[in-house]
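Welcome! Here is a short tour for anyone meeting this structure for the first time. Take a look at the sequence and the 3D view, then read on.

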Amino acid sequence: MKILKKEPGKGYYAKEIPNTLEAMQAEVGGYIETVTVDRTCCIVCDDEGRIKELPYNTTLGGIEFYGPIFIVGTKNDGFCDVPKLVQQILEVTA
């Protein structure tokens, strides 16, 4: 599935990963936590990023994120490609 990844100190970039728990955990470096953005996408982060003292990444919706994060699409109760509108808003070329 297509995601938009952001690492501390860097911009967003498009990336393709398998739609598996293991692949998502590998992207953030630990157990995942999801933060719902709206009905079409969510932010995935390391649920212990702050506790692990990972570097500050960004603040979105008033929430500070530490360590790598990515934005992924949501549909029903699962994950899917990040919506094209989100890509356009973040000015990322997929």
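## A first look

Lys15 is partly exposed, as its relative accessible area is 29%. That residue is a handy way into this predicted model, since Lys15 belongs to a network of salt bridges that also links Lys5 and Glu27.

- A search through the whole structure turns up four salt bridges.
- In one of them, Lys5 pairs with Glu27, and their closest N and O atoms are 2.8 Å apart.
- Lys5 sits in strand β1 (residues 2-6) and Glu27 in helix α1 (residues 21-28), so this pair ties together parts that are 22 residues apart in sequence.
- Lys5 and Glu27 are both buried.
- Glu27 has a relative accessibility of 10%, and because buried means under 20%, Glu27 falls in that class.
- Glu27 also forms a salt bridge with Lys15, where the closest N and O atoms are 3.0 Å apart.
- This second pair links distant parts of the chain, with Lys15 in strand β2 (residues 12-16) and Glu27 in helix α1, 12 residues apart.

**Another charged pair**

- Side chains of opposite charge can pair when their charged atoms come close.
- Arg50 and Glu64 form a salt bridge, with 2.7 Å between the closest N and O atoms.
- Are the two partners buried or exposed? Arg50 is exposed, with a relative accessible area of 53%, and Glu64 counts as partly exposed at 42% relative accessibility.

- Strand β5 (residues 56-60) pairs with β6 in the antiparallel sense, over four bridges.
- Within this pairing, Tyr56 stands opposite Tyr66 in β6.
- Two residues lie between β5 and β6 in the hairpin they form.
- Gly61, in the turn, has a positive phi of about 60 degrees.

**The largest pocket**

- The largest pocket holds about 200 Å³ of space.
- Its lining is made of 14 residues, and those closest to the centre are Val37, Cys41, Ile43, Leu60 and Ile71.
- Which elements each supply at least two residues of the lining? They are β3 (32-38), β4 (41-46), β6 (63-66) and α2 (84-89).
- β3 gives the largest share of the lining, with three residues.
- By residue type, the lining divides into 12 nonpolar and two polar residues, with no charged ones.

**A closer look at Ile43**

- Ile43, one of the residues closest to the centre of the largest pocket, is found in strand β4.
- Ile43 counts as buried, with a relative accessibility of 5%.
- Leaving aside residues up to four places away in sequence, Ile43 touches Glu33, Thr34, Val35, Val37, Leu60, Phe65, Ile69, Phe70 and Ile71.
- Among these contacts, Val37, Leu60 and Ile71 are also named with Ile43 as closest to the centre of the largest pocket.
- Ile43 and Gly73 are 30 residues apart along the chain, and their C-alpha atoms are separated by 8.9 Å.

Notes. Residues numbered from 1 in each chain as written. Predicted model: local features only at pLDDT ≥ 70, side-chain atom pairs only at ≥ 80, totals over all residues. Heavy atoms only, no water. 1 Å grid on protein atoms, 1.4 Å probe; cavity = no way out; pocket = protein on both sides within 12 Å on 5 of 7 lines; lining within 4 Å. Points joined across faces, edges and corners; volume = space filled by probe spheres on them. Nonpolar A, V, L, I, M, F, W, Y, C, P; charged D, E, K, R; others polar. Pairing = 2+ DSSP bridges. Salt bridge = Lys/Arg side-chain N within 4 Å of Asp/Glu carboxyl O. Buried < 20%, exposed > 50% of the residue type's maximum accessible area, 1.4 Å probe, protein only. Contact = heavy atoms within 4.5 Å.
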